[in-house]
Amino acid sequence: MAKWRRLENAAKIFPATSGKRDSRVFRFSCELKETVKGEVLQEALDRAIKEMPLFQSVLRRGIFWFYLENSDIRPIVVEENRLPCSSIYIRDKRTLLFEVSYFKKRINFEVFHALTDGTGAMLFLKCLVSHYLTLCYPNVLKDKRLVSYYDATEEEKEDDGFQKYYQMIKGKKKLEKIHAYQLTGVKNGEEKFQIIEGVLSVKSLLEKAREQNVTMTVYLTAVFLCAIHKEMSKRQERKPVVLMIPVNLRKYFPSESCRNFFGWIDVGYRFHGEDSFEDVLKEVKEFFKKELTKEGLSMRMNDLISLEENPFLRVTPLGIKNIFMAAANRISERRETAVFSNMGAVNLPEEFAPYIRLFDVFISTPKIELCMCSYHDNLVLSFSSCLKSTNIERNFFRHLTGLGIEVEISTKLYE
Amino acid sequence: MKYCEKCKVKIRTNHEKCPLCQGVIQGEKEGTEEIFPEIKEKNYPGVLFFQCFTFVCIAVGVVSAMINYIFTPSLQWCFYAIAGVICIWVCTAVGLLKRRNLLKNAIWQEIVIAFISFGWDAFTGWHKWSFDYVLPCIGIVTVLFMIVISMIQKLKPQEYMIYFMIAGGLGLLPIVFLWIGIVKVEYPSILCSGFCFLFLIGLLLFRYHIVMTELHKKFHI
Ligand SMILES: [Zn+2]
């Protein structure tokens, strides 16, 4: 009998709200220094899926909720043939919720958000890349053995972090209602997410951030806020610019789960004409200090769970529930202008370093979203956007190059 | 690699203009490198088929109305033609919408056909033939269809069990209608419900564990 599991708390929203506007798919890529060999990648994938069978699941509909069911569908490596982040989950079709593809030097791992979050996906890609490199270069690892740096039992991997920590959280504070400034403009079209990514040196950026006595995340948040502000008219300044910043909850609430376990904070700034970059930076820094605490994060987690625990919602049939959840999602989207997601630094055994150039990540979005990820000294900042305009991206990267940082741009634009 | 003077960025992918500011860029095509493949717009043949089919349906309705009013203005037969076309369109649309899962499709078709036949029965004198014959027939046919499909497609229990149970359950409705007194011709209803009852008992008896897990899965709150 196939094993099954409930969708964890944060994941419940994804199948209900995925569609052509926002496919809820994100991609992690690893760029090697040599061209990827398809057959070897398939072999590596077969090994990786054996190590993390949790990913071999299909999404199914119950009467009240979606659920994940283990399957024996073999994942097949393909040469990239879909638009980046276009839908993976197809209604009524029993297919896997991820896809591994390759193009030239890149190995792509695309996954539907209901299955896992960034941390889980990164674990899988790391596992895949390690297997691929050990297959390609059998002598690369000194002790000839691929150490599984993911030390957790099957049960721990399947943990639902939200349920685990729900008990601990007490006290109810409502989130205040904010109407953030919303970007408008001509769109690229359904399932077309424009990607603009810049590669730069971690060291050079870190230097600039240290000069201001802030972390890289705080620094880039401020740059992003200012990049958006430049496109706003005086009238639009009445609304604050708010960036949603997803947070990996594993760092605050110990968990080995490779399913969804993330929270977020909203960082906002109300511009009044001539705010200097330093003003913004100062306020963002304060904001991070205030919001990024265990208490602040658990409050949001609590909010999310209490919605799920609502007895009326629980016994509402799935079809109707999906309509409610989609509506709630639209409303909560008004709280944010854009999203900035920091995946942090990728670490792999040093022996692999000569073969890997960089890791990058981006996600489908109904707005504009910046994802960042670094490997050794290569920092990749990827914008995905549903809008045709490239002004915000231009402002953002010009700010960085203005500081004397070298940036290399690659894109996927639509006619 | 190319370079934009204004943005001061190197550009790796091949562009005529700067992808950020749309300005003039320097550098040669040499050394540029794509990181995404060129992907052609996909054409879905199903969409065109459905558009054609819908157009034909509407055309049949309109033409029959035209013929009706020109040649036989005293008889109002075109409404039946239009209603017939609408029914065919609905069945086809449901079939296409649920094409990826034949068992789910069968359940939907059973329900749609039942309601269509109730409708026709009600508007053509309410002789109850929909309850007497149609409902028991589609009840049995659906169950048989499902058994055949799951054998051909070699489906696993978790793929077919819930639909077997729904189809079996729907097959018990005729006996309920008989008991209420709607049904006039008894033997089709008795045959259908008896068959479906045995079918359900068989599932429970021989596949008890699977039935229970499946119910638990589908009904978890
Ligand atoms: Zn430029």
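This is a predicted model: local features need pLDDT of at least 70, side-chain atom pairs count only at pLDDT 80 or more; totals for chains, interfaces and linings use all residues.
I kept local features at pLDDT of at least 70 and side-chain atom pairs at pLDDT 80 or more, with totals for chains, interfaces and linings using all residues. Residues are numbered from 1 along each chain, chains are lettered from A and ligands numbered from 1 as written, and side-chain values use heavy atoms, without hydrogens or water.

**Zinc site.** I looked up the protein donors (N, O and S atoms within 2.8 Å of the metal, or 3.2 Å for Na, K and Ca). They are the SG atoms of Cys4(B), Cys7(B), Cys18(B) and Cys21(B), 2.2 to 2.3 Å from the zinc ion. The 4 donor atoms subtend angles of 102 to 115°, so the arrangement is tetrahedral (four donors, all angles between 85 and 135 degrees). Their spacing along the chain reads C-x2-C-x10-C-x2-C.

**Helices 3 and 5, chain B.** I checked helix 3 (residues 102-123) of chain B against helix 5 (residues 157-170) of chain B; they pack at about 15°, axes 9 Å apart. The two are therefore roughly parallel (angles under 35 degrees; 65 to 115 counts as roughly perpendicular, over 145 as roughly antiparallel, the rest as oblique).

**Helices 6 and 7, chain A.** Here the axes of helix 6 (residues 202-211) of chain A and helix 7 (residues 216-229) of chain A come within 9 Å and cross at roughly 80°. That makes helix 6 of chain A roughly perpendicular to helix 7 of chain A. I listed Val202(A), Leu205(A), Leu206(A), Lys208(A) and Ala209(A) as meeting Met216(A), Tyr219(A) and Leu220(A).

Key:
Axes are lines fitted to C-alpha atoms, for helices over the stretch in contact, and angles run from 0 to 180 degrees between N-to-C directions. Helices (H or I, at least four residues) and strands (E, at least two) are DSSP runs, numbered from the N terminus. Four donors count as tetrahedral if all angles lie between 85 and 135 degrees; four count as square planar and six as octahedral if opposite donors are over 155 degrees apart and all others between 65 and 115; anything else is irregular. Contact means heavy atoms within 4.5 Å.
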